[in-house]
Amino acid sequence: MNRRIIFAVLMLLAAGPAAAASAADPWLQTSAYADHEAVPQGGSLRVAVVLQVAEGYHLNANPPTLEFQIPTVLTPEPAPGIRWGDVRYPPGKPFAAAWAEGAQPTVYEGRTVLVLEGTVAGDAPLGLRTIRLNLRYQGCDATTCFQPASREVETAVTVVGANEPPVPANAAVFGEDRAVPQAVRVEGQMDLAATFERSAFLYLGALFVGGLLLNLTPCVFPLIPVTMTVFMQQGESRPLRVLPLAALYVLGLAATFTLVGVLAALAGKSLGLVLQEPIGILAVVVILAAMMASLFGAFEIQLPSGLMGTLSGRRGLFGAAFTGAVMGAVAAPCVGPFLVALITLVATKRSVPFGAVSFFVTGLGLGFPYLFLGMFTGLVNRFPRSGGWLVWTKRLMGLALAGLILYYIQQFVEKEFFRLLVLGLFLFAAAYLGFIEGQSRRPFTRRFRAVRIAAALVLVAAGTYVYGWTMASRPEVEWTDWTPGSLEAARADRQPALVYFGAEWCIECKQWDAAVFRDPDVIKAAGPLARLRVDVTRLEEGPKKEFAERLGGANPPLAILYGRDGTLRKAWRDPPGAGAFTKALTEAAAVRP
(Lines give C-alpha, C1' and ligand atoms only; values in the text may rest on other atoms or scores of the structure.)
Protein backbone atom coordinates (compact mmCIF):
# COMPACT_ATOMS: atom_id res chain seq x y z
CA MET A 1 0.00 0.00 0.00
CA ASN A 2 1.17 3.52 -0.68
CA ARG A 3 3.27 4.76 2.28
CA ARG A 4 1.65 8.18 2.12
CA ILE A 5 -1.84 6.66 2.45
CA ILE A 6 -0.73 4.45 5.37
CA PHE A 7 0.72 7.47 7.16
CA ALA A 8 -2.47 9.46 6.58
CA VAL A 9 -4.56 6.64 8.09
CA LEU A 10 -2.31 6.45 11.15
CA MET A 11 -2.56 10.22 11.64
CA LEU A 12 -6.35 10.13 11.39
CA LEU A 13 -6.52 7.30 13.92
CA ALA A 14 -4.35 9.36 16.23
CA ALA A 15 -6.64 12.37 15.89
CA GLY A 16 -9.07 11.21 18.51
CA PRO A 17 -9.91 13.27 21.63
CA ALA A 18 -7.12 15.76 22.12
CA ALA A 19 -4.91 15.20 25.11
CA ALA A 20 -5.67 17.78 27.74
CA ALA A 21 -2.45 17.49 29.63
CA SER A 22 0.76 18.93 28.32
CA ALA A 23 3.03 16.99 30.65
CA ALA A 24 3.13 14.20 28.07
CA ASP A 25 4.95 16.56 25.70
CA PRO A 26 8.05 17.72 27.60
CA TRP A 27 9.68 18.56 24.25
CA LEU A 28 7.31 21.55 23.81
CA GLN A 29 7.42 24.69 25.96
CA THR A 30 4.81 27.44 25.58
CA SER A 31 4.48 30.96 26.96
CA ALA A 32 2.27 33.97 26.22
CA TYR A 33 3.07 37.70 26.22
CA ALA A 34 0.99 40.83 25.64
CA ASP A 35 2.51 43.77 23.78
CA HIS A 36 1.13 46.18 26.45
CA GLU A 37 0.94 46.19 30.21
CA ALA A 38 -1.85 48.75 29.93
CA VAL A 39 -4.18 49.33 26.97
CA PRO A 40 -6.65 52.26 26.85
CA GLN A 41 -10.30 51.77 25.96
CA GLY A 42 -10.64 51.76 22.18
CA GLY A 43 -7.02 50.70 21.74
CA SER A 44 -5.54 47.60 20.13
CA LEU A 45 -3.25 44.91 21.45
CA ARG A 46 -1.38 41.84 20.34
CA VAL A 47 -0.73 38.63 22.19
CA ALA A 48 2.27 36.50 21.23
CA VAL A 49 2.43 32.79 22.00
CA VAL A 50 6.00 31.55 21.88
CA LEU A 51 6.54 27.89 21.02
CA GLN A 52 9.89 26.32 21.88
CA VAL A 53 10.18 22.91 20.23
CA ALA A 54 13.07 20.70 21.29
CA GLU A 55 15.59 19.54 18.71
CA GLY A 56 14.44 16.47 16.80
CA TYR A 57 10.74 17.35 17.07
CA HIS A 58 8.37 19.56 15.11
CA LEU A 59 4.74 20.72 14.87
CA ASN A 60 2.64 20.84 11.70
CA ALA A 61 2.50 24.37 10.32
CA ASN A 62 -0.67 26.36 9.66
CA PRO A 63 -1.84 26.07 6.94
CA PRO A 64 -0.67 22.46 6.53
CA THR A 65 0.97 21.32 3.31
CA LEU A 66 -0.96 18.06 3.02
CA GLU A 67 -4.69 17.67 3.58
CA PHE A 68 -4.44 15.00 6.26
CA GLN A 69 -2.00 16.95 8.45
CA ILE A 70 -3.43 18.44 11.65
CA PRO A 71 -2.32 22.07 11.83
CA THR A 72 -1.29 24.11 14.84
CA VAL A 73 -4.31 26.23 15.87
CA LEU A 74 -4.48 28.98 18.49
CA THR A 75 -7.97 29.86 19.79
CA PRO A 76 -8.61 32.67 22.30
CA GLU A 77 -11.26 32.36 24.99
CA PRO A 78 -13.76 35.24 25.30
CA ALA A 79 -12.51 38.13 27.42
CA PRO A 80 -14.84 40.91 28.65
CA GLY A 81 -14.49 44.05 26.53
CA ILE A 82 -11.92 42.54 24.12
CA ARG A 83 -12.76 41.59 20.55
CA TRP A 84 -10.34 39.11 19.06
CA GLY A 85 -9.18 39.27 15.47
CA ASP A 86 -7.16 36.75 13.52
CA VAL A 87 -4.09 34.75 14.46
CA ARG A 88 -1.02 35.37 12.33
CA TYR A 89 0.79 32.10 11.76
CA PRO A 90 4.39 32.31 10.48
CA PRO A 91 5.45 30.33 7.43
CA GLY A 92 6.73 26.86 8.22
CA LYS A 93 10.05 25.34 7.25
CA PRO A 94 10.28 22.56 4.62
CA PHE A 95 10.73 19.13 6.20
CA ALA A 96 12.09 16.16 4.23
CA ALA A 97 9.86 13.24 5.22
CA ALA A 98 10.35 9.80 3.68
CA TRP A 99 6.62 9.06 3.88
CA ALA A 100 5.74 12.24 1.91
CA GLU A 101 7.07 10.75 -1.35
CA GLY A 102 8.65 13.87 -2.80
CA ALA A 103 6.45 16.47 -1.08
CA GLN A 104 8.00 18.70 1.57
CA PRO A 105 5.56 19.34 4.43
CA THR A 106 6.06 22.65 6.24
CA VAL A 107 6.61 22.45 10.00
CA TYR A 108 7.46 24.56 13.04
CA GLU A 109 10.84 23.79 14.58
CA GLY A 110 12.81 25.49 17.33
CA ARG A 111 11.41 28.85 18.41
CA THR A 112 8.17 29.98 16.72
CA VAL A 113 5.96 32.98 17.49
CA LEU A 114 2.19 33.05 16.86
CA VAL A 115 0.53 36.47 17.10
CA LEU A 116 -3.11 37.15 17.96
CA GLU A 117 -4.65 40.53 17.11
CA GLY A 118 -7.24 42.17 19.37
CA THR A 119 -9.08 45.43 20.00
CA VAL A 120 -10.44 46.84 23.25
CA ALA A 121 -13.98 48.15 23.17
CA GLY A 122 -14.54 51.83 23.88
CA ASP A 123 -16.74 50.93 26.87
CA ALA A 124 -14.68 47.95 28.10
CA PRO A 125 -14.61 47.50 31.89
CA LEU A 126 -11.47 48.91 33.49
CA GLY A 127 -9.01 46.75 35.37
CA LEU A 128 -6.87 43.65 35.04
CA ARG A 129 -7.89 41.19 32.36
CA THR A 130 -6.64 37.60 32.19
CA ILE A 131 -6.20 36.38 28.63
CA ARG A 132 -6.50 32.63 28.12
CA LEU A 133 -5.72 30.88 24.86
CA ASN A 134 -6.03 27.26 23.77
CA LEU A 135 -3.26 25.77 21.66
CA ARG A 136 -4.13 22.69 19.64
CA TYR A 137 -1.26 20.90 17.91
CA GLN A 138 0.22 17.63 16.74
CA GLY A 139 3.87 16.91 17.33
CA CYS A 140 6.13 14.58 15.40
CA ASP A 141 9.70 13.38 15.39
CA ALA A 142 11.61 12.19 12.33
CA THR A 143 9.54 9.01 11.92
CA THR A 144 6.42 9.21 14.12
CA CYS A 145 3.56 11.65 14.76
CA PHE A 146 2.00 11.69 18.22
CA GLN A 147 -1.59 11.95 19.39
CA PRO A 148 -2.98 15.49 18.86
CA ALA A 149 -2.97 17.49 22.08
CA SER A 150 -4.05 20.82 23.47
CA ARG A 151 -2.86 23.03 26.26
CA GLU A 152 -3.86 26.37 27.75
CA VAL A 153 -1.57 29.39 27.96
CA GLU A 154 -2.38 32.72 29.55
CA THR A 155 -1.14 36.22 30.12
CA ALA A 156 -2.67 39.43 31.49
CA VAL A 157 -3.24 43.04 30.49
CA THR A 158 -4.79 46.02 32.25
CA VAL A 159 -7.53 48.06 30.56
CA VAL A 160 -7.26 51.77 31.42
CA GLY A 161 -9.33 54.83 30.56
CA ALA A 162 -9.52 56.08 26.98
CA ASN A 163 -7.52 59.21 27.83
CA GLU A 164 -4.69 57.39 29.59
CA PRO A 165 -1.49 56.55 27.69
CA PRO A 166 -0.73 52.94 26.71
CA VAL A 167 2.15 51.15 28.42
CA PRO A 168 4.08 48.96 25.92
CA ALA A 169 5.74 45.73 27.03
CA ASN A 170 7.72 42.74 25.73
CA ALA A 171 9.20 44.59 22.75
CA ALA A 172 11.88 41.92 22.32
CA VAL A 173 9.29 39.17 21.87
CA PHE A 174 7.28 41.11 19.31
CA GLY A 175 10.46 42.03 17.49
CA GLU A 176 10.56 38.38 16.44
CA ASP A 177 7.25 38.80 14.59
CA ARG A 178 8.84 39.45 11.21
CA ALA A 179 6.97 36.83 9.25
CA VAL A 180 5.74 37.99 5.88
CA PRO A 181 1.92 37.62 5.75
CA GLN A 182 1.25 34.36 3.95
CA ALA A 183 -1.54 33.79 1.47
CA VAL A 184 -3.42 30.54 2.01
CA ARG A 185 -2.62 27.62 -0.27
CA VAL A 186 -5.26 27.54 -2.99
CA GLU A 187 -6.37 24.78 -5.30
CA GLY A 188 -4.08 24.59 -8.31
CA GLN A 189 -1.41 26.83 -6.80
CA MET A 190 2.12 25.70 -7.58
CA ASP A 191 4.56 25.26 -4.68
CA LEU A 192 7.24 27.53 -6.12
CA ALA A 193 9.33 27.41 -2.96
CA ALA A 194 9.71 23.64 -3.19
CA THR A 195 10.46 23.91 -6.93
CA PHE A 196 13.15 26.51 -6.26
CA GLU A 197 14.72 24.30 -3.59
CA ARG A 198 14.91 21.34 -6.00
CA SER A 199 16.37 23.09 -9.06
CA ALA A 200 16.93 26.67 -10.18
CA PHE A 201 16.53 25.57 -13.81
CA LEU A 202 13.24 23.84 -13.03
CA TYR A 203 12.13 26.92 -11.07
CA LEU A 204 12.81 29.30 -13.97
CA GLY A 205 11.12 26.90 -16.37
CA ALA A 206 8.04 26.83 -14.14
CA LEU A 207 7.98 30.64 -14.10
CA PHE A 208 8.16 30.79 -17.89
CA VAL A 209 5.32 28.28 -18.31
CA GLY A 210 3.30 30.13 -15.67
CA GLY A 211 3.77 33.36 -17.60
CA LEU A 212 2.51 31.64 -20.75
CA LEU A 213 -0.62 30.48 -18.96
CA LEU A 214 -1.34 34.02 -17.73
CA ASN A 215 -2.30 34.81 -21.32
CA LEU A 216 -5.46 32.76 -20.76
CA THR A 217 -6.71 34.93 -17.89
CA PRO A 218 -9.81 37.01 -18.69
CA CYS A 219 -8.10 40.38 -18.48
CA VAL A 220 -4.99 39.46 -20.52
CA PHE A 221 -6.57 37.44 -23.30
CA PRO A 222 -8.54 40.44 -24.69
CA LEU A 223 -5.23 42.28 -25.24
CA ILE A 224 -4.17 39.82 -27.97
CA PRO A 225 -6.25 41.43 -30.76
CA VAL A 226 -4.97 44.84 -29.70
CA THR A 227 -1.41 43.54 -30.01
CA MET A 228 -2.07 42.23 -33.50
CA THR A 229 -3.37 45.65 -34.50
CA VAL A 230 -0.24 47.29 -33.08
CA PHE A 231 1.98 45.15 -35.31
CA MET A 232 -0.24 45.69 -38.34
CA GLN A 233 0.29 49.44 -37.84
CA GLN A 234 4.04 49.04 -38.29
CA GLY A 235 3.59 48.54 -42.03
CA GLU A 236 6.43 46.05 -42.51
CA SER A 237 5.94 43.62 -45.40
CA ARG A 238 8.29 40.81 -44.36
CA PRO A 239 7.99 38.67 -41.19
CA LEU A 240 11.72 38.85 -40.47
CA ARG A 241 11.50 42.65 -40.33
CA VAL A 242 8.61 42.42 -37.89
CA LEU A 243 10.57 40.11 -35.56
CA PRO A 244 12.73 42.91 -33.99
CA LEU A 245 9.57 44.91 -33.33
CA ALA A 246 7.94 41.92 -31.67
CA ALA A 247 11.07 41.22 -29.59
CA LEU A 248 11.18 44.81 -28.31
CA TYR A 249 7.46 44.63 -27.57
CA VAL A 250 8.06 41.53 -25.42
CA LEU A 251 11.05 43.09 -23.64
CA GLY A 252 9.05 46.23 -22.89
CA LEU A 253 6.23 44.14 -21.45
CA ALA A 254 8.65 42.07 -19.36
CA ALA A 255 10.46 45.17 -18.07
CA THR A 256 7.26 46.77 -16.81
CA PHE A 257 6.08 43.48 -15.38
CA THR A 258 9.37 43.13 -13.53
CA LEU A 259 9.23 46.65 -12.10
CA VAL A 260 5.65 46.44 -10.90
CA GLY A 261 6.03 42.87 -9.64
CA VAL A 262 9.24 43.41 -7.69
CA LEU A 263 7.98 46.59 -6.05
CA ALA A 264 4.78 44.85 -5.02
CA ALA A 265 6.62 41.74 -3.83
CA LEU A 266 9.16 43.68 -1.79
CA ALA A 267 6.26 45.32 0.00
CA GLY A 268 4.72 41.89 0.59
CA LYS A 269 1.61 42.96 -1.28
CA SER A 270 -0.38 41.94 -4.30
CA LEU A 271 -0.35 43.53 -7.73
CA GLY A 272 -4.09 43.94 -7.44
CA LEU A 273 -3.50 46.76 -4.94
CA VAL A 274 -2.75 48.98 -7.93
CA LEU A 275 -6.49 49.06 -8.65
CA GLN A 276 -7.55 49.72 -5.06
CA GLU A 277 -6.61 53.37 -5.23
CA PRO A 278 -8.27 55.97 -7.48
CA ILE A 279 -4.85 57.05 -8.75
CA GLY A 280 -4.12 53.48 -9.87
CA ILE A 281 -7.42 53.23 -11.72
CA LEU A 282 -6.80 56.65 -13.28
CA ALA A 283 -3.40 55.49 -14.53
CA VAL A 284 -4.91 52.38 -16.16
CA VAL A 285 -7.74 54.42 -17.72
CA VAL A 286 -5.29 56.99 -19.10
CA ILE A 287 -3.17 54.22 -20.63
CA LEU A 288 -6.23 52.61 -22.23
CA ALA A 289 -7.47 55.99 -23.48
CA ALA A 290 -4.10 56.71 -25.08
CA MET A 291 -4.14 53.33 -26.80
CA MET A 292 -7.71 53.95 -27.99
CA ALA A 293 -6.80 57.41 -29.35
CA SER A 294 -3.89 55.86 -31.23
CA LEU A 295 -6.15 53.22 -32.76
CA PHE A 296 -8.51 55.99 -33.91
CA GLY A 297 -5.63 57.74 -35.67
CA ALA A 298 -5.01 60.61 -33.23
CA PHE A 299 -1.26 59.90 -33.11
CA GLU A 300 1.37 57.20 -33.41
CA ILE A 301 3.92 56.47 -30.71
CA GLN A 302 7.23 57.00 -32.46
CA LEU A 303 10.54 58.75 -31.87
CA PRO A 304 11.69 61.55 -34.20
CA SER A 305 13.02 60.12 -37.47
CA GLY A 306 16.56 61.40 -36.85
CA LEU A 307 16.81 59.65 -33.52
CA MET A 308 15.20 56.54 -34.95
CA GLY A 309 17.84 56.50 -37.66
CA THR A 310 20.54 56.67 -35.03
CA LEU A 311 19.01 53.75 -33.18
CA SER A 312 18.27 51.34 -35.99
CA GLY A 313 17.24 52.91 -39.24
CA ARG A 314 13.77 51.36 -38.90
CA ARG A 315 10.69 53.13 -37.77
CA GLY A 316 8.63 51.86 -34.89
CA LEU A 317 11.17 50.22 -32.56
CA PHE A 318 10.61 52.67 -29.74
CA GLY A 319 6.88 52.53 -30.35
CA ALA A 320 6.91 48.73 -30.08
CA ALA A 321 8.88 48.78 -26.81
CA PHE A 322 6.71 51.53 -25.36
CA THR A 323 3.51 49.75 -26.36
CA GLY A 324 4.79 46.54 -24.76
CA ALA A 325 5.53 48.45 -21.56
CA VAL A 326 2.02 49.89 -21.62
CA MET A 327 0.51 46.43 -22.11
CA GLY A 328 2.59 45.15 -19.20
CA ALA A 329 1.16 47.88 -16.98
CA VAL A 330 -2.38 46.97 -18.05
CA ALA A 331 -1.79 43.22 -17.60
CA ALA A 332 0.14 43.43 -14.30
CA PRO A 333 -2.89 43.72 -11.98
CA CYS A 334 -4.40 40.58 -13.55
CA VAL A 335 -2.98 37.69 -11.56
CA GLY A 336 -3.98 34.17 -10.61
CA PRO A 337 -2.89 31.53 -8.11
CA PHE A 338 0.48 31.10 -9.83
CA LEU A 339 1.48 34.75 -9.53
CA VAL A 340 0.23 35.02 -5.96
CA ALA A 341 2.55 32.13 -5.09
CA LEU A 342 5.41 33.97 -6.78
CA ILE A 343 4.68 37.21 -4.93
CA THR A 344 4.65 35.33 -1.63
CA LEU A 345 7.95 33.58 -2.35
CA VAL A 346 9.77 36.75 -3.47
CA ALA A 347 8.43 38.66 -0.45
CA THR A 348 9.75 35.91 1.82
CA LYS A 349 13.22 35.94 0.22
CA ARG A 350 13.40 39.77 0.30
CA SER A 351 16.06 39.73 -2.42
CA VAL A 352 15.92 42.34 -5.18
CA PRO A 353 17.98 40.28 -7.69
CA PHE A 354 15.91 37.18 -6.97
CA GLY A 355 12.68 39.13 -7.40
CA ALA A 356 13.89 40.87 -10.56
CA VAL A 357 14.93 37.62 -12.26
CA SER A 358 11.76 35.81 -11.15
CA PHE A 359 9.38 38.43 -12.47
CA PHE A 360 11.41 39.10 -15.61
CA VAL A 361 11.28 35.42 -16.61
CA THR A 362 7.55 35.36 -15.87
CA GLY A 363 7.13 38.46 -18.03
CA LEU A 364 9.05 36.80 -20.85
CA GLY A 365 6.67 33.85 -20.64
CA LEU A 366 3.71 36.22 -20.72
CA GLY A 367 5.06 37.99 -23.80
CA PHE A 368 6.47 35.00 -25.68
CA PRO A 369 3.31 34.32 -27.76
CA TYR A 370 3.49 37.87 -29.11
CA LEU A 371 6.64 36.94 -31.05
CA PHE A 372 4.52 34.61 -33.15
CA LEU A 373 1.70 37.13 -33.31
CA GLY A 374 4.17 39.61 -34.72
CA MET A 375 5.27 37.13 -37.35
CA PHE A 376 1.67 36.33 -38.21
CA THR A 377 0.63 39.94 -38.55
CA GLY A 378 3.68 40.48 -40.73
CA LEU A 379 2.20 37.92 -43.10
CA VAL A 380 -1.18 39.61 -42.87
CA ASN A 381 0.41 42.87 -43.95
CA ARG A 382 1.24 41.31 -47.32
CA PHE A 383 -2.41 41.55 -48.27
CA PRO A 384 -3.49 44.69 -50.18
CA ARG A 385 -4.15 47.66 -47.92
CA SER A 386 -6.17 49.73 -50.34
CA GLY A 387 -9.43 48.58 -48.75
CA GLY A 388 -10.89 49.82 -45.50
CA TRP A 389 -10.66 46.53 -43.60
CA LEU A 390 -7.44 47.39 -41.76
CA VAL A 391 -8.66 50.78 -40.53
CA TRP A 392 -12.05 49.24 -39.68
CA THR A 393 -10.30 46.56 -37.58
CA LYS A 394 -8.32 49.23 -35.71
CA ARG A 395 -11.54 51.09 -34.90
CA LEU A 396 -13.09 47.86 -33.64
CA MET A 397 -10.14 47.36 -31.27
CA GLY A 398 -10.42 50.98 -30.16
CA LEU A 399 -14.07 50.50 -29.22
CA ALA A 400 -13.13 47.31 -27.34
CA LEU A 401 -10.70 49.41 -25.28
CA ALA A 402 -13.55 51.85 -24.62
CA GLY A 403 -15.42 48.91 -23.10
CA LEU A 404 -12.44 48.18 -20.83
CA ILE A 405 -12.40 51.82 -19.72
CA LEU A 406 -16.09 51.59 -18.79
CA TYR A 407 -15.36 48.44 -16.82
CA TYR A 408 -12.66 50.07 -14.74
CA ILE A 409 -14.72 53.19 -13.92
CA GLN A 410 -17.91 51.34 -13.03
CA GLN A 411 -17.27 51.61 -9.30
CA PHE A 412 -17.55 55.40 -9.59
CA VAL A 413 -20.84 55.33 -11.53
CA GLU A 414 -24.38 54.51 -10.40
CA LYS A 415 -25.33 50.99 -11.51
CA GLU A 416 -28.35 52.01 -13.58
CA PHE A 417 -26.41 54.74 -15.38
CA PHE A 418 -23.54 52.31 -15.97
CA ARG A 419 -25.94 49.85 -17.64
CA LEU A 420 -27.12 52.64 -19.94
CA LEU A 421 -23.52 53.54 -20.77
CA VAL A 422 -22.75 49.95 -21.72
CA LEU A 423 -25.87 49.70 -23.87
CA GLY A 424 -25.03 53.04 -25.48
CA LEU A 425 -21.50 51.84 -26.31
CA PHE A 426 -22.84 48.71 -28.01
CA LEU A 427 -25.38 50.71 -30.05
CA PHE A 428 -22.82 53.36 -31.01
CA ALA A 429 -20.33 50.67 -32.04
CA ALA A 430 -23.02 49.00 -34.18
CA ALA A 431 -23.90 52.26 -35.96
CA TYR A 432 -20.30 53.42 -36.34
CA LEU A 433 -18.79 50.14 -37.54
CA GLY A 434 -21.80 49.14 -39.60
CA PHE A 435 -22.63 52.36 -41.42
CA ILE A 436 -20.37 55.32 -40.56
CA GLU A 437 -16.73 54.20 -40.54
CA GLY A 438 -15.21 54.04 -44.01
CA GLN A 439 -17.62 56.29 -45.92
CA SER A 440 -14.67 58.11 -47.53
CA ARG A 441 -13.09 54.82 -48.62
CA ARG A 442 -15.94 53.50 -50.76
CA PRO A 443 -16.68 51.55 -52.82
CA PHE A 444 -16.72 48.55 -50.44
CA THR A 445 -16.51 45.02 -51.67
CA ARG A 446 -19.71 43.04 -51.33
CA ARG A 447 -18.08 40.70 -48.80
CA PHE A 448 -16.79 43.52 -46.62
CA ARG A 449 -20.19 45.24 -46.70
CA ALA A 450 -21.78 42.00 -45.49
CA VAL A 451 -19.21 41.75 -42.69
CA ARG A 452 -20.00 45.30 -41.53
CA ILE A 453 -23.75 44.70 -41.49
CA ALA A 454 -23.33 41.37 -39.69
CA ALA A 455 -21.07 43.03 -37.08
CA ALA A 456 -23.69 45.75 -36.52
CA LEU A 457 -26.45 43.18 -35.98
CA VAL A 458 -24.29 41.14 -33.60
CA LEU A 459 -23.41 44.26 -31.56
CA VAL A 460 -27.07 45.32 -31.28
CA ALA A 461 -28.06 41.82 -30.17
CA ALA A 462 -25.15 41.61 -27.69
CA GLY A 463 -25.93 45.02 -26.19
CA THR A 464 -29.59 44.14 -25.76
CA TYR A 465 -28.71 40.82 -24.17
CA VAL A 466 -26.16 42.32 -21.76
CA TYR A 467 -28.57 45.06 -20.69
CA GLY A 468 -31.39 42.56 -20.12
CA TRP A 469 -29.08 40.17 -18.29
CA THR A 470 -27.91 42.86 -15.86
CA MET A 471 -31.50 43.96 -15.23
CA ALA A 472 -32.79 40.45 -14.50
CA SER A 473 -33.16 39.37 -10.88
CA ARG A 474 -31.47 36.02 -10.25
CA PRO A 475 -31.00 34.12 -6.98
CA GLU A 476 -27.47 33.98 -5.60
CA VAL A 477 -25.60 33.18 -2.43
CA GLU A 478 -26.58 35.63 0.30
CA TRP A 479 -23.60 37.22 2.02
CA THR A 480 -22.88 39.00 5.27
CA ASP A 481 -20.32 41.78 5.15
CA TRP A 482 -17.14 40.80 6.98
CA THR A 483 -16.40 42.70 10.19
CA PRO A 484 -13.48 42.24 12.61
CA GLY A 485 -14.15 39.16 14.70
CA SER A 486 -16.93 37.73 12.50
CA LEU A 487 -14.83 34.76 11.39
CA GLU A 488 -13.74 34.12 14.97
CA ALA A 489 -17.40 34.21 16.07
CA ALA A 490 -18.19 31.46 13.56
CA ARG A 491 -15.30 29.41 14.88
CA ALA A 492 -16.49 29.87 18.46
CA ASP A 493 -19.95 28.61 17.42
CA ARG A 494 -18.39 25.61 15.64
CA GLN A 495 -19.95 26.84 12.40
CA PRO A 496 -18.18 26.22 9.07
CA ALA A 497 -17.42 29.42 7.18
CA LEU A 498 -16.98 30.55 3.60
CA VAL A 499 -14.96 33.76 3.21
CA TYR A 500 -14.97 35.40 -0.20
CA PHE A 501 -12.80 38.34 -1.29
CA GLY A 502 -14.15 40.28 -4.29
CA ALA A 503 -13.93 43.72 -5.91
CA GLU A 504 -15.83 45.78 -8.47
CA TRP A 505 -12.75 46.03 -10.72
CA CYS A 506 -12.04 42.28 -10.61
CA ILE A 507 -12.89 40.60 -13.92
CA GLU A 508 -12.47 37.06 -12.57
CA CYS A 509 -14.94 37.89 -9.77
CA LYS A 510 -17.68 38.16 -12.42
CA GLN A 511 -16.96 34.52 -13.31
CA TRP A 512 -17.50 33.51 -9.69
CA ASP A 513 -20.78 35.41 -9.52
CA ALA A 514 -22.13 33.99 -12.78
CA ALA A 515 -20.83 30.41 -12.75
CA VAL A 516 -20.66 29.52 -9.05
CA PHE A 517 -22.59 31.75 -6.66
CA ARG A 518 -25.79 31.68 -8.76
CA ASP A 519 -25.88 27.91 -9.07
CA PRO A 520 -28.95 26.50 -7.21
CA ASP A 521 -26.99 23.61 -5.68
CA VAL A 522 -24.26 25.96 -4.43
CA ILE A 523 -26.88 28.29 -2.92
CA LYS A 524 -28.47 25.38 -1.06
CA ALA A 525 -25.15 23.90 0.14
CA ALA A 526 -23.95 27.31 1.40
CA GLY A 527 -27.00 27.72 3.64
CA PRO A 528 -25.55 26.17 6.85
CA LEU A 529 -22.27 28.10 6.53
CA ALA A 530 -21.30 31.53 7.78
CA ARG A 531 -20.98 33.38 4.46
CA LEU A 532 -18.64 36.35 4.82
CA ARG A 533 -17.92 38.64 1.87
CA VAL A 534 -14.93 40.98 2.02
CA ASP A 535 -15.21 43.86 -0.47
CA VAL A 536 -11.66 44.96 -1.36
CA THR A 537 -12.65 47.39 -4.11
CA ARG A 538 -10.95 50.05 -1.99
CA LEU A 539 -8.80 49.16 0.96
CA GLU A 540 -7.95 51.73 3.59
CA GLU A 541 -5.67 51.26 6.55
CA GLY A 542 -7.45 49.23 9.18
CA PRO A 543 -8.54 45.72 10.18
CA LYS A 544 -10.02 44.86 6.77
CA LYS A 545 -6.79 45.68 4.96
CA GLU A 546 -4.72 43.70 7.46
CA PHE A 547 -7.11 40.74 7.17
CA ALA A 548 -7.07 40.82 3.35
CA GLU A 549 -3.29 41.14 3.06
CA ARG A 550 -2.68 38.39 5.59
CA LEU A 551 -4.81 35.85 3.73
CA GLY A 552 -3.95 36.98 0.22
CA GLY A 553 -7.42 38.39 -0.45
CA ALA A 554 -6.13 41.86 -1.35
CA ASN A 555 -5.76 40.44 -4.83
CA PRO A 556 -9.21 38.97 -5.53
CA PRO A 557 -10.89 36.70 -6.22
CA LEU A 558 -10.24 34.35 -3.32
CA ALA A 559 -12.69 31.96 -1.67
CA ILE A 560 -11.64 30.23 1.56
CA LEU A 561 -13.57 27.39 3.18
CA TYR A 562 -13.15 26.70 6.90
CA GLY A 563 -14.39 23.65 8.76
CA ARG A 564 -16.30 23.55 12.03
CA ASP A 565 -13.03 23.30 13.96
CA GLY A 566 -11.79 26.54 12.38
CA THR A 567 -9.15 24.88 10.20
CA LEU A 568 -8.79 25.70 6.55
CA ARG A 569 -10.23 22.99 4.32
CA LYS A 570 -9.84 24.44 0.81
CA ALA A 571 -9.25 27.70 -0.99
CA TRP A 572 -9.75 28.76 -4.61
CA ARG A 573 -8.90 31.64 -6.88
CA ASP A 574 -10.07 30.22 -10.18
CA PRO A 575 -13.77 29.31 -9.99
CA PRO A 576 -14.18 25.52 -9.70
CA GLY A 577 -17.07 23.63 -11.23
CA ALA A 578 -20.33 24.18 -9.41
CA GLY A 579 -20.53 20.45 -8.64
CA ALA A 580 -17.08 20.29 -7.03
CA PHE A 581 -17.75 23.48 -5.06
CA THR A 582 -21.09 22.15 -3.83
CA LYS A 583 -19.42 18.93 -2.68
CA ALA A 584 -16.75 20.85 -0.72
CA LEU A 585 -19.39 23.03 1.00
CA THR A 586 -21.51 19.99 1.88
CA GLU A 587 -18.54 18.12 3.36
CA ALA A 588 -17.50 21.16 5.43
CA ALA A 589 -21.02 21.47 6.85
CA ALA A 590 -21.34 17.75 7.59
CA VAL A 591 -18.04 17.11 9.37
CA ARG A 592 -18.07 17.90 13.09
CA PRO A 593 -14.97 18.20 15.29
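Q: What makes strand β5 and strand β10 count as a pair?
A: In this predicted model, β5 (residues 73-76) and β10 (residues 127-137) are antiparallel and share four bridges; a pair needs at least two bridges found by DSSP, so they qualify. Strands here are DSSP runs of E with at least two residues, helices runs of H or I with at least four, numbered from the N terminus.

Q: Which sense does the pairing of β10 and strand β12 have?
A: Antiparallel again, over 11 bridges between β10 and β12 (residues 149-160). Thr130, for instance, has Ala156 in β12 as its bridge partner.

Q: Why is Leu457 called exposed?
A: Leu457 has a relative accessible area of 60%. Leu457 sits in helix α14.

Q: Which residues form the nonpolar patch on the surface?
A: Phe435, Ile436, Ile453 and Leu457, with about 410 Å² of accessible area together (Shrake-Rupley method, 1.4 Å probe). Helices α13 (415-436) and α14 (446-471) each supply at least two of the patch residues.

Q: How are residues numbered, and which features count?
A: Numbering starts from 1 along each chain as its sequence is written. Local features need pLDDT of at least 70 and side-chain atom pairs 80 or more, totals for chains, interfaces and linings use all residues, and side-chain values use heavy atoms, without hydrogens and water.

Key: Patches are made of residues with over 30% relative accessible area and no salt bridge: like charges are joined within 9 Å, nonpolar side chains (Val, Leu, Ile, Met, Phe, Trp, Tyr) within 5 Å. A salt bridge is a side-chain nitrogen of Lys or Arg within 4 Å of a carboxyl oxygen of Asp or Glu. Buried means under 20% relative accessible area, exposed over 50%, partly exposed in between (1.4 Å probe, protein chains only).
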